[in-house]
Amino acid sequence: MAKLHGPLHPADLIDMAHSPAYFLAAGAADGTFGWANASPEKIADPRIHALIEKVSVGAPPTENAALYRQGATVTVTAHDGRFGRATVLLPHGSGALGIDWRDIEAKYRTLMPASGLSSAKIEQSFAAARGLRT
């Protein structure tokens, strides 16, 4: 990625899902990133939006560039010059690593209540999805 794509300041779930800047800022603000970051409260969190303004894209990797498959190196630099850096070559949940049913269930249970379905219908629909092979 040479520059940030997608909505810089997401206003809803769809914007958030297409905002790498939000992913980075929310991860820095919370120390982790997960389905809780898809909630309307998190998407509107002013701490995250303040950090979005500080997100930038650096030079692409030159060392072991072929190993990066949907991953990235993230560096967080403090005002005093201290920094932390982490690299992920294949993120958790990427197709190449496989997707665990626990991850699918966590996503389902986080997002489906917004569909308006009753809890019973959500349970039935998840059970049906889980049983597709049978």
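This is a predicted model: local features need pLDDT of at least 70, side-chain atom pairs count only at pLDDT 80 or more; totals for chains, interfaces and linings use all residues.
## The nonpolar core

The largest nonpolar core contains 10 residues: Met16, Ala21, Tyr22, Ala25, Ala26, Ala38, Ile43, Ile48, Ile52 and Val55. At least two residues of this core come from each of helix H2 (20–30) and helix H4 (46–52). The most is given by H2, which supplies four residues.

Ile43 is one of the core residues. Leaving out residues up to four places away in sequence, Ile43 touches Pro10, Ala11, Asp12, Leu13, Met16, Tyr22, Asn37, Ala38 and His49. Among these partners, Met16, Tyr22 and Ala38 also belong to the core.

## Asn37, between H2 and H3

Asn37 is located in the loop between H2 and helix H3 (40–43). Asn37 counts as buried because its relative accessibility is 3%, and buried means under 20%.

The side chain of Asn37 forms a polar contact of 2.9 Å with the side chain of Asp30. When neighbours within four places in sequence are set aside, the residues in contact with Asn37 are Met16, Tyr22, Ala26, Asp30, Thr32, Lys42 and Ile43. Met16, Tyr22, Ala26 and Ile43 in this list are members of the nonpolar core described above.

## Ser19, between H1 and H2

Ser19 occupies the loop between helix H1 (13–17) and H2. With a relative accessibility of 0%, Ser19 is also classed as buried.

Ser19 and His5 are separated by 14 residues in sequence, and their C-alpha atoms are 6.8 Å apart in space. His5 is also one of the residues that Ser19 touches, together with Pro7, Leu8 and Pro10, when residues up to four places away in sequence are not counted.

## Asp45, between H3 and H4

The loop between H3 and H4 holds Asp45. The relative accessibility of Asp45 is 11%, and therefore this residue counts as buried. A polar atom of the Asp45 side chain lies 2.8 Å from the backbone nitrogen of Arg47.

Val76 belongs to strand E1 (residues 72–77). Val76 counts as partly exposed because its relative accessibility is 48%, a value in between the limits of under 20% for buried and over 50% for exposed.

Conventions
Residues are numbered from 1 along each chain as its sequence is written. Side-chain values use heavy atoms; hydrogens and water are left out. A nonpolar core is a set of buried Ala, Val, Leu, Ile, Met, Phe, Trp, Tyr and Cys residues joined through side-chain atoms within 4.5 Å. Buried means under 20% relative accessible area, exposed over 50%, partly exposed in between (1.4 Å probe, protein chains only). Contact means heavy atoms within 4.5 Å. A polar contact is a pair of N or O atoms within 3.5 Å; within protein, one must be able to donate a hydrogen and the other to accept it, and residues adjacent in sequence count only if both atoms are side-chain atoms.
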